[in-house]
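Here is a short tour of one protein chain. Keep the sequence and the 3D view side by side as you read.

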Amino acid sequence: MRTLLGDYLLQHLQQASEGTLPARVFHCLRAAILEGILAPNTRLPASRDLANELHVSRNTVLNAYEQLRAEGYIQAHTGRGTWVSETLPESYIQVSTTLTYAAATKEETTQTLSHRGASLLQHAAASPYQWGAFVPGAPDVTEFPHAE
């Protein structure tokens, strides 16, 4: 039994010629997710069924599913199937870009520290009394050979 997703993937697999077959299946599935053909919270076909429709081995589909899962596009639940993630990785990229822009505009405004903050910042360097064993951030220099 052929599905619309199978037809879509077959059409795009025939057009894609670069990369290994699992990589091409991965790119076709990711494109279907990003284009909205596979909407969030949509169940993906079983790997055996999709492999039969695409005329590829089940391992090819499993590799593509594993790559999609590793990149956050799908979620696999034992006994319940594989589903398109509700939040796609691209939404995180857009949020981080917005946050970076907000941080950049915040840095442009001049901020001054309080007296206590300035005092803490002045004494942020390592103390000269920190030499010896078992001091965080300082090696025990007595064990190093000295060139004299």
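By class, seven nonpolar, four polar and five charged residues line the largest pocket. Here Ala, Val, Leu, Ile, Met, Phe, Trp, Tyr, Cys and Pro count as nonpolar, Asp, Glu, Lys and Arg as charged, and the others, Gly among them, as polar. This is a predicted model: local features need pLDDT of at least 70, side-chain atom pairs count only at pLDDT 80 or more, and totals for chains, interfaces and linings use all residues. Residues are numbered from 1 along each chain as its sequence is written, and side-chain values use heavy atoms, with hydrogens and water left out.

**The pocket**

Rolling a probe the size of a water molecule over the atoms shows where empty space is left. A pocket is found on a 1 Å grid over the protein atoms alone: it is an open set of points where a 1.4 Å probe fits, with protein on both sides within 12 Å along at least five of seven lines. Lining residues have an atom within 4 Å of a point. The largest pocket holds about 300 Å³ of space. That volume is the space filled by probe spheres set on the points, which are joined across faces, edges and corners.

The lining has 16 residues. Ser 47, Leu 62, Tyr 65, Ala 76 and Thr 82 lie nearest the pocket's centre. Elements giving two or more residues to this lining are α3 (47-54), α4 (58-70), β1 (74-77) and β2 (81-84). Helix α4 supplies the largest share, five residues.

**The chain as a whole**

Six helices and two strands make up the elements of the chain. Their order from the N terminus is α-α-α-α-β-β-α-α. Helices (H or I, at least four residues) and strands (E, at least two) are DSSP runs, numbered from the N terminus.

The chain has 148 residues, and 24% of them count as buried. Buried means under 20% relative accessible area, exposed over 50%, and partly exposed in between (1.4 Å probe, protein chains only). The accessible surface comes to about 11,100 Å², and 56% of it belongs to carbon and sulfur atoms. These areas come from the Shrake-Rupley method with a 1.4 Å probe.

Contact means heavy atoms within 4.5 Å. Among contacts with a separation of 6 or more, 50% join residues 24 or more positions apart.

**The nonpolar core**

A nonpolar core is a set of buried Ala, Val, Leu, Ile, Met, Phe, Trp, Tyr and Cys residues joined through side-chain atoms within 4.5 Å. The largest one has 25 residues. Leu 9, Leu 29, Ile 33, Leu 38, Leu 54, Tyr 65 and Leu 68 touch the most other members. Two or more residues each come from α1 (4-15), α2 (21-34), α3 and α4. Helix α2 gives the largest share, six residues.

Take Ile 33. Leaving out residues up to four places away in sequence, Ile 33 touches Leu 38, Leu 68, Tyr 73, Ile 74, Val 84 and Leu 88.

**Pairs across the sequence**

| Pair | Sequence separation | C-alpha to C-alpha distance |
|---|---|---|
| Gln 14 and Arg 24 | 10 residues | 9.6 Å |
| Thr 60 and Leu 21 | 39 residues | 7.0 Å |
| Asn 41 and Thr 82 | 41 residues | 9.4 Å |

Gln 14 sits in helix α1. Its relative accessible area is 67%, so Gln 14 is exposed.

Thr 60 belongs to helix α4. Thr 60 is buried because its relative accessible area is 9%. Neighbours within four places aside, Thr 60 is in contact with Leu 21, Pro 22 and Val 25.

Most residues other than glycine have a negative phi. Which way does phi of Asn 41 point, positive or negative? Phi of Asn 41 is positive, near 65 degrees. Asn 41 lies in the loop between α2 and α3. At 45% relative accessibility, Asn 41 counts as partly exposed. Residues up to four places away are not counted, and Asn 41 touches Trp 83, Val 84, Ser 85 and Glu 86.

His 55 also has a positive phi, about 60 degrees, and is not a glycine. His 55 is in the loop between α3 and α4. With a relative accessible area of 64%, His 55 is exposed.
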